[in-house]
Amino acid sequence: MRALRSSTLAAITVAAALTAAGCAAKDDVAASGKAGAVQVTASDDACKVSKKELPAGHVRLAVQNKGSKVTEVYVYAPGDRIVTERENIGPGTGATVTAEVKAGAYEIACKPGMKGDGIRQKITVTGKGAAAERNPKLDAAVADYRKYVQQQADETLPKAKEFAEAVKSGDLEAAKKAYAPSRIGWERTEPVAESFGDIDPKVDVREDGLEDGQKWTGWHKLEQSLWKTKKISGDDKKLADKLITDLKDWQKRVGTAEITPTSMANGAKELLDEVYTGKVTGEEERYSHTDLVDFQANVEGAQKAYELLKPVAKKNDPALVRELDRQFEAIGKQLDDYRKGDGFVSYDTVSKGDRKDLSDGVSALAEPLSKLAAAVAE
């Protein structure tokens with residue numbers, strides 16, 4: 001969900017993050033001094049990297065934002081395939097990101113204001129890495145997660161086709177009803193889809209996330225027509241067909257995604273970031289107000305990755321596992337308060353106070369979840 005990149009939203013996100021997660025930010029800044037970490041110093045006009053040649057295996061990035069804008073840091077493989085990312089790093093704060101990388105050429109990108117291609121530094125990774133020595137339980141976790149993401153893609157297509165057919169037939173109410181269910185599988189596994197670089201901008205971009213010259217396509221363009229314009233145009237019907245074409249591309253390619261234990265853990269954290277920057281604010285589904293459906297799907301996807309990694313994490317960091325178990329249970333109970341029938345209440349009926357409570361709940365889960373990658377990399 002690369003759409004949430006406006007300066008207004010970024011400012012709101014930073015303010016909320018510094019208030020609700022200040023302690024976590026301080027911990028991350030302290031953690032950034034760990035020996036052996038690659039120091040990434042981000043500012044409004046620079047992205048400095050302490051090492052440009054690294055051994056393959058587990059790499060720790062110690063990010064410090066010395067700029068005046070919220071930033072995010074990406075590690076890109078060739079073709080802008082996302083290896084890992086960390087969003088919402090506020091001014092004067094930091095984050096520690098653990099990832100597993102193979103030999104090859106990469107780029108580290110800092111994105112002040114969380115917009116554009118970012119300020120990039122080339123790095124080279126050499127050697128064989130640690131995959132050959134990996135705990136068999138982690139190999140099993142990766143294999144099971146691969147099955148999960150493929151299943152989500154496979155189950156999304158029939159639901160998306162139902163949505164597309166309703167749009168093409170001009171049935172406004174049927175299309176509205178099919179819209180949110182068609183997105184659940186995508187939302188559960190979005191970091192894997194985003195890792196390809198070119199699919200997410202086609203199917204899940206918001207209008208304010210469009211790059212220069214980019215045509216608006218995908219779910220949210222159709223969402224606008226259904227709920228704001230309240231009519232289905234000929235162009236919308238063509239976009240419904242394109243949505244299915246692009247989702248079939250995702251379904252076909254998802255099995256080739258580069259997945260490691262740390263990418264699973266980082267992806268779980270990214271899903272919570274999606275909730276924090278889009279669902280809690282109401283920006284993601286600004287016309288349909290079906291944000292809580294996406295919220296639930298993001299949490300489910302994060303919890304799936306966590307549960308698969310839990311046996312190893314429990315051995316390496318039992319206190320972290322106890323805290324994650326507690327926080328996943330807590331956020332589940334919070335969501336239950338907003339259930340209505342088989343779904344959820346419309347998000348525009350959720351008060352500012354209740355949204356703040358949800359935001360606090362997400363922050364309470366996201367902070368320990370950010371430590372999961374390190375727990376399975378040891």
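Trp186 is buried, as is Trp219; buried means under 20% relative accessible area, exposed over 50%, partly exposed in between, with a 1.4 Å probe and protein chains only. Before going on: this is a predicted model, where local features need pLDDT of at least 70, side-chain atom pairs count only at pLDDT 80 or more, and totals for chains, interfaces and linings use all residues. Residues are numbered from 1 along each chain as its sequence is written, and side-chain values use heavy atoms, with hydrogens and water left out.

Now the rings. There are seven aromatic pairs, counted for Phe, Tyr and Trp (its six-membered ring) with centres within 6.5 Å; planes under 30 degrees apart are stacked, over 60 edge-to-face, the rest tilted. Tyr179 and Trp227 have ring centres 5.4 Å apart and planes at 65°, so this pair is edge-to-face. Tyr179 lies in helix H4 (residues 172-179) and Trp227 in helix H8 (residues 219-229), 48 residues apart; helices are DSSP runs of H or I, at least four residues, and strands runs of E, at least two, numbered from the N terminus. Tyr179 has a relative accessible area of 0%, and Trp227 has 19%, so both count as buried. Trp186 and Trp219 also pair edge-to-face, 5.9 Å centre to centre with 65° between the planes.

Five strands form an open, mixed sheet in the order S3-S9-S8-S5-S6, where pairing takes at least two DSSP bridges. S3 (53-55) and S6 (81-89) each have a single partner strand, so they stand at the edges.
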